[in-house]
Amino acid sequence: MIQLEGLQKKYGKIQALKGINLTLNLNQVVALVGPNASGKTTLIKCLLGMVIPDGGRILFGGKDIKGDVQYKRRIGYMPQIGRYPDNMRMGYLFGMMKDLGKTRIQDNFDEELIAAFKLEEMFGKPMRSLSGGTRQKVSAALAFLFNPEVVILDEPTAGLDPLASEILKQKIHKEKKAGKLLIVTSHIMSEVEEIANSIAYIVEGEALFYKSISEIKSDSGEDRLGKALFHLLQK
Amino acid sequence: MNKIIKYVLHDIFRNRILLAYVVLLSLSSFGLFMMNEDVSKGLSSLLTVLLIVVPLVSILFTTIYFFNSYEFIELLVAQPLKRSNILLGVYAGVGISLLAAFWIGIGLPVIIFDGTIVGWYFLLSGSLLTMVFVSLAFLASVLTRDKTQGIGIAMLLWFYFTLVFDGILLMVMFAFSDYPLEKLTIFLSCLNPVDLARIMVLLKMDISALMGYTGAVFNQFFGSSFGIIFAMSVMLVWVAFPISIALRIFKRKNL
């Protein structure tokens, strides 16, 4: 579904991505794991066309995304920190997003998360008055709203209460079963173990490895993912 | 793009600062018209408001609005929308709002009290000036990611066009006063939209005492009607040029 070929990005003198090659197929949950500032968010932003890469290319469904926006119809995105227009009410925000995205989908909106998070109760509140966690819920609900084939979640459970984060994990499971590709970044290994099939480990703008979780475990001989990764990286 | 304009308008029309701007403009225009017995005197006093307040509010409001909507813009960029449509949508939204404010605050009083062709030129010149400074504000906004820096650049641009430029012009005139300067003066005036707006109105008013050197040169060189058309076209360039550069930068910008 998604192919990254020698993807490069520089911010001034800092080389954020140093030629990443990755192929991500449908029907799985891929966890992007790596130290802070290793280029995970830059990678995601390149996928979404928010950051324009300096070198290499990204193929989405076999087509180069350069200069294209239509491929974004098939992507849902939940940012690390969801920021929304301050004065806009939540209900209005959802209405606006639906209105802007009408062409993506014929009124078949996926409103499961809106219901599960009980967001309707807060539809009258302006976005600036919401807590960080509630905004995360809004971001998550927006990411799935258009029933996209690919969903990108940047640290989805950071800041969510235990109940909400469980709801979100179940949603991720469900969508994976429906044959979608979900890309998740996270620093919590137990969570990654719970939701993901495979891990792409990124260090200093390079993809160190891309393996399934069972492979990582059997390679290292450890049965806890955190330990297994530690083992693998020590070598 | 129409949808983006719609949502920007929805957002701005609830903005209190815009309302304050309308009130300020209408107070000053009604005040000046009522204080001056002669309508054309009122109009020429209002010209000062037009040349100083309108550019200042236009450029500051737009820049601040842009940075406050940064999240909204980010949200839109992740959707299947072209970047150029997003920026032009926001541009049109802000432009329409500020023009509406200008026409309610100054347009209405001018039409009521003056209603002559001079008044219409006055309003045309003010509308162009508004759009020029909205364009410049977009340029200032895409040049940086930092709100304070963006507002700083916007302020500097305003300061430059309303104050510094005239000083430089005067210095040039003074230093080269032994040479024929007509063509140079016309060229230099074209570099300043505020001066062009002033010339546009004064050529129509035909008050030579207020025209200043540049206005007089325009009058002499072009005659009043062609001078107005010339000034107007150069101002249109001033509207189009900054926003097209802003668009170019925005298309490659990392958000």
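This is a predicted model: local features need pLDDT of at least 70, side-chain atom pairs count only at pLDDT 80 or more; totals for chains, interfaces and linings use all residues.

User: Why is Glu155(A) called buried?

Analyst: A residue is buried if 20 or more other C-beta atoms lie within 10 Å of its own. Glu155(A) has 20 other C-beta atoms within 10 Å, and it therefore counts as buried.

User: Where is Glu155(A) found?

Analyst: Glu155(A) lies in the loop between β7 (150-154) and α5 (162-177) of chain A. Its phi is positive, at about 45°, although Glu155(A) is not a glycine.

User: What makes Ala37(A) count as buried or exposed?

Analyst: Ala37(A) has 12 C-beta neighbours inside 10 Å, so the residue counts as exposed. Ala37(A) also has a positive phi, of about 60°, without being a glycine. Its place is the loop between β3 (28-33) and α1 (40-47) of chain A.

User: How do you know that strands β1 and β2 of chain A pair?

Analyst: Pairing requires at least two bridges between the strands. Strand β1 (residues 2-11) of chain A and β2(A) have eight bridges, in the antiparallel sense, and therefore they meet the definition of a pair. Across this pairing, Ile2(A) stands opposite Leu24(A) in β2(A).

User: What makes β2 and β5 of chain A edge strands?

Analyst: The open sheet has four strands in the order β2-β1-β4-β5 (chain A), with antiparallel pairing. Strands β2 (14-24) and β5 (63-64) of chain A each pair on one side only, and this makes them the edge strands.

User: How do you know that β9 and β10 of chain A pair?

Analyst: The definition again asks for at least two bridges. Six bridges join strand β9 (residues 198-203) of chain A to strand β10 (residues 206-212) of chain A, in the antiparallel sense. One bridge partner in β10(A) is Lys211(A), which faces Ile199(A). The hairpin of β9(A) and β10(A) has two residues between the strands, and Glu204(A) there takes a positive phi near 45°.

User: How do you know that chains A and B are in contact?

Analyst: The test for two residues is that their C-beta atoms, placed from the backbone, lie within 7 Å. In this model, 19 residues of chain A are in contact with 17 residues of chain B. On the side of chain A that touches chain B, helix α2 (residues 90-100) of chain A gives the largest share, three residues. By class, that side has 10 nonpolar, four polar and five charged residues.

Conventions: Residues are numbered from 1 along each chain as its sequence is written. Chains are lettered from A and ligands numbered from 1 in the order in which they are written. Ala, Val, Leu, Ile, Met, Phe, Trp, Tyr, Cys and Pro count as nonpolar, Asp, Glu, Lys and Arg as charged, and the others, Gly among them, as polar.
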